[in-house]
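Dear colleague,

Please find the structure below, together with its sequence.

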Amino acid sequence: MYGKIKEHLQAELEAIKNAGLYKKERIITSAQKADIVINTGEQVLNFCANNYLGLSNHPRLIQAAKNSLDSHGYGMSSVRFICGTQDLHKELEKQIADYFGTEDTILYAACFDANGGVFEPLLTSEDAIISDTLNHASIIDGVRLCKAHRYRYESADMEDLEDRLKEAQKHRFRIIVTDGVFSMDGHVAPVDKIVELAEKYDAMVMVDECHSAGVVGESGRGVTELYNLKGKVDIITGTLGKAFGGAIGGFTTGKKEIIEILRQKSRPYLFSNSIPPSVASAGIEVFKMLTESNDQHNRLVNNVEYFKEKMIAAGFDIKPTESAIIAVMLYDAKLSQEMAAKLLEEGIYVIGFYYPVVPKEQARIRVQVSAGHKKEHLDKAVEAFTKVGKELGVLK
Ligand SMILES: *Cc1c(COP(=O)(O)O)cnc(C)c1O
């Protein structure tokens with residue numbers, strides 16, 4: 001019976017609203033791209049999508065998806081090991097392994113599932129997981145689902161990591177796990193130093209490349225490329241839902257025995273549906289495109305540099321960043337909300353983040369630059385930021 005809990009939930013919703021933490025959803029009526037239409041009829045510039053390479057609405061991906069609807073159908077109605085594996089799924093897994101220079105890949109419905117299903121099949125109560133405090137929610141949940149001992153180190157703090165590694169020597173196996181790029185600041189994890197410590201203290205390394213893949217490194221192949229660590233990171237997880245077309249789908253790629261065990265034992269893989277053929281086919285097209293040319297990635301890098309320089313010249317306080325995430329620091333929660341609202345009036349769609357998403361007194365607007373932005377989009381955003389920044393006293 002839906003009884004007393006109804007009032008309990010209503011009270012909780014009220015409390016969320018009163019705390020100013022209620023999340024409303026803006027409704028978009030166009031495709032996902034740099035200039036979008038929202039349901040008020042306004043056309044705005046989107047600066048908060050994870051569409052780093054501008055592929056979410058790319059004609060080649062749309063065509064690949066359409067073609068496979070004709071050749072391979074709509075849905076699989078099965079998990080992979082029963083009758084849910086097409087040639088497309090195997091081809092995409094191979095493409096991802098080739099792109100990252102790893103041995104094998106396993107696909108999931110999302111990276112949330114990849115992270116949720118990676119620890120439990122590999123580790124037991126004899127082992128230890130050593131996790132960065134800023135790691136993504138899905139890593140935290142994956143760790144919870146595993147019986148291994150848990151250690152946390154201060155984000156990107158290598159002394160603290162070394163102390164945890166010393167403590168964890170008593171266990172059978174150890175794994176260090178970190179996000180590649182931290183999503184609220186945009187800085188890259190020191191994976192080069194993490195790998196050194198892992199070698200010294202006999203630990204495996206896992207990197208979640210969701211915000212770094214397609215973005216960081218000479219050709220965008222993530223932190224293993226940036227730090228020249230090909231083959232030295234044992235497990236990479238990532239998403240097709242950000243830079244790589246933005247639809248849906250996640251993956252774990254790395255050492256072949258690890259991937260083989262995951263296929264046998266990882267619960268989100270065994271007990272959840274295969275990704276649809278159209279998503280697999282468009283995914284294959286993404287990696288083909290990125291192997292053929294570095295144009296999209298170059299455009300992204302140039303856009304980020306251009307935007308960052310202009311914003312710093314305008315006088316904004318920008319967090320040090322090595323990715324396509326640019327945190328415009330405002331410190332005050334209310335100000336971050338006011339600024340985002342006024343920017344929308346100026347046609348710039350961005351979101352203000354404040355506690356508990358970021359630490360107290362660290363409120364900010366997070367800008368995400370895309371290869372899909374044109375120079376005039378970037379100029380318009382800087383102009384709007386400058387105008388609103390002056391109105392609100394952020395800039396002098
Ligand atoms: C977005 C994200 C995920 C989740 O990816 P999905 O494919 O959307 O489930 C996992 N980890 C990190 C670091 C992310 O940024």
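A residue is called buried when its relative accessible area is under 20%, exposed when it is over 50%, and partly exposed in between, using a 1.4 Å probe and protein chains only. By this rule Val177, at 0% relative accessibility, counts as buried.

Before going further, please note that this is a predicted model, in which local features need pLDDT of at least 70 and side-chain atom pairs count only at pLDDT 80 or more, while totals for chains, interfaces and linings use all residues. Residues are numbered from 1 along each chain as its sequence is written, and side-chain values use heavy atoms, with hydrogens and water left out.

Val177 is placed in strand β6 (residues 174-179); here helices (H or I, at least four residues) and strands (E, at least two) are DSSP runs, numbered from the N terminus. What surrounds Val177, leaving aside neighbours within four places in sequence? Its contacts (heavy atoms within 4.5 Å) include Phe119, Ile129, Ile130, Tyr153 and Met206. Val143 is 34 residues from Val177 in sequence, and their C-alpha atoms are 9.9 Å apart.

Ser274 is found in the loop between α11 (267-270) and α12 (277-292). Ser274 is also buried, with a relative accessible area of 6%. A polar atom of the Ser274 side chain lies 2.6 Å from the backbone oxygen of Gly84. Not counting residues up to four places away in sequence, Ser274 touches Met76, Ser78, Val79, Arg80, Gly84 and His89.

Two domains and their interface

The domain assignment, which is automatic or taken from a database, gives domain 1 (19-48 + 294-391) and domain 2 (59-292). The centres of the two domains, taken over C-alpha atoms, are 27 Å apart. In domain 1, 17 residues are in contact with 16 residues of domain 2.

The size of an interface is often given as the accessible area lost when the parts come together. Buried area is the accessible area (1.4 Å probe) that two parts lose on being put together, summed over both. Between domain 1 and domain 2 this area is about 1300 Å², and carbon and sulfur atoms give 55% of it.

How many salt bridges are there between domain 1 and domain 2? The count is two, a salt bridge being a side-chain nitrogen of Lys or Arg within 4 Å of a carboxyl oxygen of Asp or Glu. Asp185 forms a salt bridge with Arg364, and the closest N and O atoms are 2.6 Å apart. On the side of domain 1 that touches domain 2, the elements giving two or more residues are α13 (295-314), β10 (325-331) and β13 (363-368). Of these, β13 gives the most, with three residues.

Backbone features

Most residues other than glycine have a negative phi, and most peptide bonds are trans. Asp202, although not a glycine, has a positive phi of about 55°. Asp202 lies in the loop between α8 (191-200) and β7 (204-208) and is exposed, with a relative accessible area of 54%. Tyr331 likewise has a positive phi, near 70°. Tyr331 is in strand β10 and is partly exposed, at 37% relative accessible area.

The peptide bond from Tyr355 to Pro356 is cis, with omega near 10°. Pro356 is in the loop between β12 (351-353) and β13.

With kind regards

Technical notes:
A polar contact is a pair of N or O atoms within 3.5 Å; within protein, one must be able to donate a hydrogen and the other to accept it, and residues adjacent in sequence count only if both atoms are side-chain atoms.
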